Amino acid sequence: MSDGPWRRRHCLAINVAIAVFFVLLDTGATLVGASWWPARPGTLAWVMLGLQALACFSLVARRRAPLAVVAVLGAYSLVLTLLISPLGALTPAHDWNVWAPYATVLAAYGPLFYRRDQRSRRTALIALAVFTLIVAGVWQPSPEIITIGVLRTAVGPLLALYFDARRRLVQALTERAERAERERHLLAEQARTEERARLAGEMHDVVTHRVSLMVLQAGALRMTATDEVTRQAAEELRAAGCQALDELRDLVGILRTAPEGDETPSVAGLAALVAESAAVGTPVELVEEGDRALASPVVGRTAYRIVREALTNVRKHAPGARVTVRVEYGEAQVRLAVHNTRPTSAAGSALAGTGSGLGIANLRQRVELVHGTLRAGPAPDGGFRVEATLPAYVPTAELAV
């Protein structure tokens with residue numbers, strides 16, 4: 001059995017039990033003289049007692065039709081009151097009682113709790129106001145009876161307003177918690193995406209740099225080898241390296257974000273970069289002025305990336321060019337310039353085509369993250385120049401690039 005039919009049957013059983021309880025309560029209270037029961041009951045009294053039981057049993061529909069329940073009990077209370085006075089058809093044994101049944105307390109609860117839209121609430125308030133006038137019997141002024149009648153019809157709406165406000169508060173808190181959980185998952189997914197992008201960018205930078213060295217070394221070996229077998233192997237190695245660079249570009253691209261826990265070497269690794277380029281036939285001169293310690297770790301890693309990207313581009317696009325790397329360490333700024341002369345031969349199409357075209361753009365993004373500036377473009381002598389100005393100190397805890 002599904003949850004829906006089971007819940008409906010469960011609610012119906014509860015409503016029937018509540019209705020039967022109030023039928024027994026009001027019938028018993030009437031018979032013992034706590035309501036309108038006359039000292040010498042006649043046929044009319046017994047008929048009204050039966051009608052009272054039926055009116056109280058209408059509480060079964062208090063969830064689906066709360067206004068109808070109010071109308072039934074209000075009509076019964078009005079008829080009963082009119083029979084007592086002014087018609088005088090019934091004479092209660094105790095004339096200080098409220099004639100309306102106790103079921104009116106629960107009936108007044110339903111319209112505000114089970115009808116939550118604005119129009120239904122306005123209708124419910126009007127119905128409850130009329131209901132209160134009937135139960136209190138305002139046309140027969142008696143402070144005690146009016147007070148008791150108003151309290152009977154006020155307790156239900158007040159409880160309904162309280163439980164409705166509590167329900168809406170719990171619902172709002174639940175929605176807020178669910179929204180916070182969804183946002184947490186989205187942030188975690190975003191963090192994973194950014195980390196994957198960072199790793200892809202780092203892999204591209206590192207692998208491109210190393211493989212381009214291998215390609216150049218294989219090309220040099222092909223030109224200098226004395227036997228055909230070695231030259232063929234060198235050519236295959238060079239071709240495989242170019243293909244690997246091209247596939248790497250297609251697979252990961254250049255996807256860079258601001259990473260955390262970066263292991264990129266700092267300015268201390270510039271000499272090793274220069275030596276690697278010189279070993280594959282790209283002469284590089286490194287000129288450093290000032291104290292390296294003035295550059296914070298974040299700035300040092302950014303400078304290393306700039307030089308690495310610039311040297312990689314020279315090997316790809318300017319074969320035979322001479323390169324000068326100049327770094328000036330100051331107390332306020334670190335100035336960096338990588339300049340290569342005009343290439344002495346045309347760039348190899350296989351190696352030059354392995355780039356993504358986004359190297360300088362991504363370098364500019366990294367430099368801007370540390371509040372620096374980057375300029376790159378052709379030099380007057382026909383070569384190419386990359387210049388960067390970086391702040392000497394950027395807190396690692398504040399920004400890791």
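This report walks through the fold of one chain, from its overall make-up to single residues.

## Overview

The model is predicted. The chain has 12 helices and 5 strands. Of its 401 residues, 41% count as buried.

The 5 strands form an open sheet. Their order is β1-β2-β3-β5-β4, and the pairing is mixed. Strands β1 (284-289) and β4 (373-378) stand at the edges. Each has a single partner strand, so one side of each is left without a neighbour in the sheet. Neighbouring strands are turned by 10° against each other on average, direction ignored.

Strand β1 runs parallel to β2 (residues 323-329), and 6 bridges join the two.

Leu 374 stands opposite Ala 388 in β5. The hairpin of β4 and β5 has 5 residues between the strands. In this hairpin, Gly 382 takes a positive phi near 95°.

## Helices across the sheet

Helix α9 lies across β1 and β2. It runs at about 165° to β1. Helix α10 lies across β1, β2, β3 (333-340) and β5 (384-391). Its direction is at about 5° to β3.

The two helices also meet each other. Two packed helices are described by the angle between their axes and the distance between the axes. The axes of α9 (residues 270-279) and α10 (residues 297-317) come within 10 Å and cross at roughly 5°. Angles under 35 degrees count as roughly parallel, and that makes α9 roughly parallel to α10. From α9, the contact uses Leu 270, Leu 273, Val 274 and Ser 277. From α10, it uses Ala 303, Tyr 304, Val 307, Arg 308, Leu 311 and Arg 315. By type, the residues of this contact divide into 7 nonpolar, 1 polar and 2 charged.

In soluble globular proteins, nonpolar side chains tend to be buried together. Here the largest nonpolar core has 34 residues. Those with the most contacts inside this core are Trp 36, Met 48, Leu 59, Leu 73, Leu 80 and Leu 90. The elements that give two or more residues to the core are α1 (3-31), α2 (43-57), α3, α4 (103-107), α5 (110-114) and α6 (118-136). Helix α3 gives the most, with 7 residues.

A second, separate core of 33 residues includes Val 274, Leu 311, Val 327 and Leu 336. Val 274 and Leu 311 also take part in the contact between α9 and α10.

Is Ala 392 buried or exposed? At 2% relative accessibility, Ala 392 counts as buried, because the cut-off for buried is under 20%. Ala 392 is found in the segment after β5. Residues that Ala 392 touches include Leu 294, Ala 295, Ser 296, Val 299, Gly 330, Glu 331 and Val 334. Pro 297 is 95 residues from Ala 392 along the chain, yet their C-alpha atoms are separated by 9.6 Å.

Ala 75 sits in helix α3 (residues 66-84). Ala 75 is partly exposed, with a relative accessible area of 40%. Ala 75 and Ile 134 are 59 residues apart in sequence and 8.6 Å apart in space, C-alpha to C-alpha.

His 371 is found in the loop between α12 (359-369) and β4. His 371 is exposed, with a relative accessible area of 64%. What is the phi of His 371? The phi of His 371 is positive, about 65°, although this residue is not a glycine.

Key:
Residues are numbered from 1 along each chain as its sequence is written. This is a predicted model: local features need pLDDT of at least 70, side-chain atom pairs count only at pLDDT 80 or more; totals for chains, interfaces and linings use all residues. Side-chain values use heavy atoms; hydrogens and water are left out. Axes are lines fitted to C-alpha atoms, for helices over the stretch in contact, and angles run from 0 to 180 degrees between N-to-C directions. Helices (H or I, at least four residues) and strands (E, at least two) are DSSP runs, numbered from the N terminus. Angles under 35 degrees count as roughly parallel, over 145 as roughly antiparallel, 65 to 115 as roughly perpendicular and the rest as oblique. Contact means heavy atoms within 4.5 Å. Ala, Val, Leu, Ile, Met, Phe, Trp, Tyr, Cys and Pro count as nonpolar, Asp, Glu, Lys and Arg as charged, and the others, Gly among them, as polar. Buried means under 20% relative accessible area, exposed over 50%, partly exposed in between (1.4 Å probe, protein chains only). Two strands pair if DSSP finds at least two bridges between them. A nonpolar core is a set of buried Ala, Val, Leu, Ile, Met, Phe, Trp, Tyr and Cys residues joined through side-chain atoms within 4.5 Å. Lists of a residue's contacts leave out its neighbours within four places in sequence.
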